[in-house]
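Biologist: I have a model on my screen and want to learn how to read it. Can you take me through it step by step?

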Amino acid sequence: MTKRHMLAGPMAALLMLAACAPQGETEGEEEAAAAAQAPTERPKLAPDDPLTRITCADFLATAEVATTQPADDAALAAQDELANGLTWLHGYLYAKKDGGIEPLSQTWMQATAKRVFEACSAAEKPGETSLFEVAVS
């Protein structure tokens with residue numbers, strides 16, 4: 001996906017995360033579950049890892065699919081892809097910063113998705129802007 005796709009606004013990227021939210025759990029229960037599954041080793045990411053080649057254009061296109069038709073199979077798959085990516089990012093940052101970030105929660109995922117969406121939308125060349133660099137900055 002190399003074309004730049006624009007959403008109606010950054011809140012649209014958050015809609016797909018709401019669909020992925022566990023039902024019936026409180027934020028405290030989410031944080032306790034996240035703490036119980038905290039990574040124990042520092043992550044190692046090679047410079048040629050495929051994750052470093054994902055671009056803002058890829059993220060924006062996936063976010064657009066995720067928000068177009070929430071009940072559609074393609075939209076649900078895109079929502080899962082974004083939620084899995086945010087979960088992986090949290091684990092990476094948690095280990096890299098020795099636990100120095102807030103626990104994984106719906107709030108953290110929404111704030112991070114919004115920050116990444118805004119940065120990618122503002123990128124001059126989203127097809128050349130690394131999503132990994134935007135997400136970890």
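**Reading the fold**

Modeller: Of the 137 residues in the protein chain, 36% are buried. Keep in mind that this is a predicted model.

Biologist: How many helices and how many strands are there in the protein chain?

Modeller: The protein chain has 6 helices and 0 strands. Along the sequence, the pattern reads α-α-α-α-α-α.

Biologist: What share of the contacts with a separation of 6 or more comes from residues 24 or more positions apart?

Modeller: The share is 69% in the protein chain.

Biologist: Which residues of H3 are buried?

Modeller: In H3 the buried residues are Cys56, Ala57, Phe59, Leu60, Ala61, Thr62, Ala63 and Ala66. For H5, the buried set includes Trp108, Met109, Phe117 and Cys120. Gln106 and Ser121 of H5 are buried too.

Biologist: Next, helix pairs. At what angle do H3 and H4 pack?

Modeller: The angle is about 135°, and the axes are 7 Å apart. The crossing of H3 past H4 is left-handed.

Biologist: Which residues make that contact between H3 and H4?

Modeller: From H3 come Phe59, Thr62, Ala63, Val65 and Ala66. From H4 come Ala74, Ala75, Ala78, Gln79, Glu81 and Leu82. Sorted by class, the contact of H3 with H4 has 8 nonpolar, 2 polar and 1 charged residues.

Biologist: And how do the axes of H4 and H5 cross?

Modeller: The axes of H4, residues 73–96, and H5, residues 106–122, come within 10 Å and cross at roughly 100°. H4 is therefore roughly perpendicular to H5. On the H4 side the contact uses Ala83, Leu86, Thr87, Leu89, His90 and Leu93. On the H5 side it uses Trp108, Met109, Thr112 and Ala113. By class, the contact of H4 with H5 has 7 nonpolar, 3 polar and no charged residues.

Biologist: Now single residues. Is Phe59 buried or exposed?

Modeller: Check the relative accessible area against the cut-off. Phe59 lies in helix H3. Its relative accessible area is 8%, so Phe59 is buried, the limit being under 20%.

Biologist: With which residues is Phe59 in contact, leaving aside neighbours within four places in sequence?

Modeller: Phe59 is in contact with Leu82, Ala113, Val116, Phe117, Cys120 and Leu131. Also look at distance in space against distance in sequence. Phe59 and Ala78 are 19 residues apart in sequence, and their C-alpha atoms are 9.8 Å apart.

Biologist: Is His90 buried or exposed?

Modeller: His90 lies in helix H4. Its relative accessibility is 6%, so His90 counts as buried. Beyond its neighbours within four places in sequence, His90 is in contact with Ile101, Glu102, Pro103, Leu104 and Trp108. His90 and Ser105 are 15 residues apart along the chain, with C-alpha atoms separated by 9.6 Å.

Biologist: What about loops? Where is Ser130 found?

Modeller: Ser130 is in the loop between H5 and helix H6, residues 131–136. At 12% relative accessibility, Ser130 counts as buried. Leaving aside neighbours within four places in sequence, Ser130 is in contact with Thr52 and Ile54. Ser130 and Cys120 are 10 residues apart in sequence and 9.1 Å apart in space, C-alpha to C-alpha.

Biologist: And Asp98: buried or exposed?

Modeller: Asp98 lies in the loop between H4 and H5. With a relative accessible area of 60%, Asp98 is exposed. Look at the backbone as well. Asp98 has a positive phi of about 50°, although it is not a glycine.

Definitions and conventions:
Residues numbered from 1 in each chain as written. Predicted model: local features only at pLDDT ≥ 70, side-chain atom pairs only at ≥ 80, totals over all residues. Heavy atoms only, no water. Buried < 20%, exposed > 50% of the residue type's maximum accessible area, 1.4 Å probe, protein only. Helix = DSSP H or I, 4+ residues; strand = E, 2+ residues; numbered from the N terminus. Axes fitted to C-alpha atoms, helices over the stretch in contact; angles between N-to-C directions. Parallel < 35°, antiparallel > 145°, perpendicular 65-115°, else oblique. Contact = heavy atoms within 4.5 Å. Nonpolar A, V, L, I, M, F, W, Y, C, P; charged D, E, K, R; others polar. Left-handed = near helix turned anticlockwise from the far one by under 90°.
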